[in-house]
Amino acid sequence: MQDEIARLASLKNLRLLDTLPSENFDRITRLAANIFGLPIAAVSLTDMNRQWFKSKVGVEHNEIPREKAPCAEVAETCRPFVIRDFQSDSCFADSTLGAAGIRFYAGAPLVTVDGFGLGALCVLGTEPRDVTDEEMATLCDLAAMVMDQVELTHALGRIEPISGLPNRFQLLNDLSDMALNHPREEWIISLLNLAQTEQFERLSRVLGPSYFDTVIQKVAKLLRDHVGDDRVPYHIGPTQFAFFAPAGIAVDAYVDLLAGKLREIELDGDLQMSMTPSIGIVAFQPASLSPEDVLRSLQSAVQDASESCNKIGLFSPAMDLRHRRNFRILQDFKGALTATDQLSLVFQPRMDLRTGEIGSAEALLRWDHPVLGPISPVEFIPVIEASSFARQLTDWVVDEALSNLASWGAHGLHFKLSINLSAANLDEQDFFERIMSKLSTHMVRPDQIELELTETVMMKETEGAFGLLDKLKSAGFQLAIDDFGTGYSSIAYLQKLPADVVKIDRSFVSEMENGNRERTLVRSMIDLAHSLAYRVVAEGVETVEAVNLLRAMGCDELQGYWLSRPIRGDDLFNWLVERDQPAALLSA
Ligand code: C2E
Ligand code: CA
Ligand code: CA
């Protein structure tokens, strides 16, 4: 006879009791009922005083008393057990099952690897019946499959070793089970992210990985207490925990509650070390959100949360749509770089305000996505710039711009192009060598190229960045400060920059016609830039009135719809020919 206390401990330890039904078990139970051609089957676990059904077919109850339950007999003996007819069985005739009209029972033991009988996989009928050896062997095989499932659920890849909590796979599994069993119930699930990935990596590097183990264990305990005895939190990523809200709580009240919890975590002496925990919250019905979508929505909500001031974010479909689109943009950009019909350059010419000459144009990137259609650079460039693709993006633009310049040159058009750079380009060790080698491939001189950088990017106080700008300038490239006025540059800084040109942001230019103040602002910007010896280009010039104002203010060049929208390379060439631009066209 096995030790009942140890047996019960082993059962408890598996955390199976009172868990939600699971299709993984139900599948086997249905099979057992079908094989025997009987209406009732169950995976029945023998708790201290009850038989609790992890899985069942044809039974209403979740449990029956342990006393005189044949499954308890199976659990205690670890042997198969058959009652051919309850009514002729002196022991079980008056049992709960017998009284409920059950006449036949066959049970195969559920035995753990260390020999504890947890309960039985059983089939029941309302008629007396015989069992063949073959049927019994099959039932035992199925019981073994149930145990495989039990062990698998418990051990194999479902528990995070550091926290001892179920992991992402278990959460996905539980979410699918909820969809089957409570499809229309309202659930609230939250995701606590302790630290941003970079913070986590930095802290792990500095303090060692075992430091994080302690933090994780502490937070796991905190969350266990938070969710209570009848639920468990999930440890779904190195720094991420998911947990369900108590039933019946309103979303707003719960957000407040979690805000308090978050402060508790932040104030905790052991935990408070340059981490910024955030919580994302998703309210959902399992029927309308797949398990994967629940996880994805949680990630989306926690990302929004990390960007918000109170670090708590309720999932918002609109934000999610943006994240999803950005994700798609990032994913598809690699393909766009090699496709022949997705990326292209358009060119927007620039005019000298004194002479009316057109000597240069800005290269602007376009993306025609095969499914999403044309995507504005305002949307996709920031996404790509924040990724490791910034390098390839600029490489693509430079190659394409140089090849256009070269082909115009072959037609006698001597022209300059402005190319927009990304912040990340300045950190690339080999940027200078790369652009020089591209120039020599296309036989273009550096003085035919102007590189545009926003003031914020130029101000990056890294030695490498300043060094690179100086090097580019010495090699003959022109440098332009793009979107001038939108950053926070001080005059002291502006003086230090090795730039030649300042491009006044179009927001100032377009407001110039609104009144005196706006006009004075543009005039002061022009004067300031001139006093620092920069050439001034006004961007976004749309009307003849603006042209006249800018000319009167002494602005050097303009760019904008008034002169031309950005156009394709061929069209630019024809446009210049039609305008009969003597400076640019030596022979056309
Ligand atoms: P940006 O460098 O300030 O480029 C000027 C933007 O103003 C262009 O928008 C242009 O089409 C628009 N624009 C020009 N004239 C007018 C006008 O008169 N009125 C109005 N309302 N708009 C005008 P676009 O092409 O959509 O580019 C937007 C931004 O995307 C650019 O701003 C630049 O920051 C970025 N971008 C575009 N191409 C590239 C590229 O090849 N590389 C990088 N790194 N960024 C690029
Ligand atoms: Ca620009
Ligand atoms: Ca600009």
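**Reading a sheet and its salt bridges**

Reader: How many bridges join strand 2 to strand 3?

Author: Three bridges join strand 2 (residues 50–57) to strand 3, and the two run antiparallel. This is a predicted model. The general idea: strands of a sheet pair through backbone hydrogen bonds, either parallel or antiparallel.

Reader: What is the order of the strands in the open sheet?

Author: Read the order across the sheet: 3-2-1-6-5-4. That makes six strands, with antiparallel pairing. Strand 3 (63–65) and strand 4 (81–83) stand at the edges. Each has a single partner strand, so one side of each lacks a neighbour in the sheet. From one strand to the next, the twist averages 25°.

Reader: Which strands does helix 3 lie across?

Author: Helix 3 (residues 70–77) lies across strand 1 (40–46), strand 2, strand 4, strand 5 (104–111) and strand 6 (117–125). Its direction is about 145° to strand 6.

Reader: Now the charges. How many salt bridges does a search of the whole structure find?

Author: The count is 33. To read one, look for a side-chain nitrogen of Lys or Arg within 4 Å of a carboxyl oxygen of Asp or Glu. Arg-328 and Asp-332 qualify, with their closest N and O atoms 3.0 Å apart.

Reader: Where do Arg-328 and Asp-332 sit in helix 11 relative to each other?

Author: They are four residues apart in helix 11 (residues 317–338), so about one helical turn separates them. Arg-328 is partly exposed, at 31% relative accessibility. Asp-332 is also partly exposed, with a relative accessible area of 21%.

Reader: Which parts does the pair Asp-395 and Lys-438 tie together?

Author: Start with the distance: the closest N and O atoms of Asp-395 and Lys-438 are 3.9 Å apart. Asp-395 lies in helix 13 (residues 390–410) and Lys-438 in helix 14 (residues 431–442), so the pair links parts 43 residues apart in sequence.

Reader: Are Asp-395 and Lys-438 buried or exposed?

Author: Both are buried. Glu-557 is buried at 9% relative accessibility, whereas Arg-535 is partly exposed at 29%.

Reader: Which residues do salt bridges that share partners join into one network?

Author: Follow the shared partners: Arg-391, Asp-395, Asp-399, Glu-428, Asp-430, Arg-434 and Lys-438 form one network.

Terms used: Residues are numbered from 1 along each chain as its sequence is written. Chains are lettered from A and ligands numbered from 1 in the order in which they are written. This is a predicted model: local features need pLDDT of at least 70, side-chain atom pairs count only at pLDDT 80 or more; totals for chains, interfaces and linings use all residues. Side-chain values use heavy atoms; hydrogens and water are left out. Two strands pair if DSSP finds at least two bridges between them. Axes are lines fitted to C-alpha atoms, for helices over the stretch in contact, and angles run from 0 to 180 degrees between N-to-C directions. Contact means heavy atoms within 4.5 Å. Buried means under 20% relative accessible area, exposed over 50%, partly exposed in between (1.4 Å probe, protein chains only).
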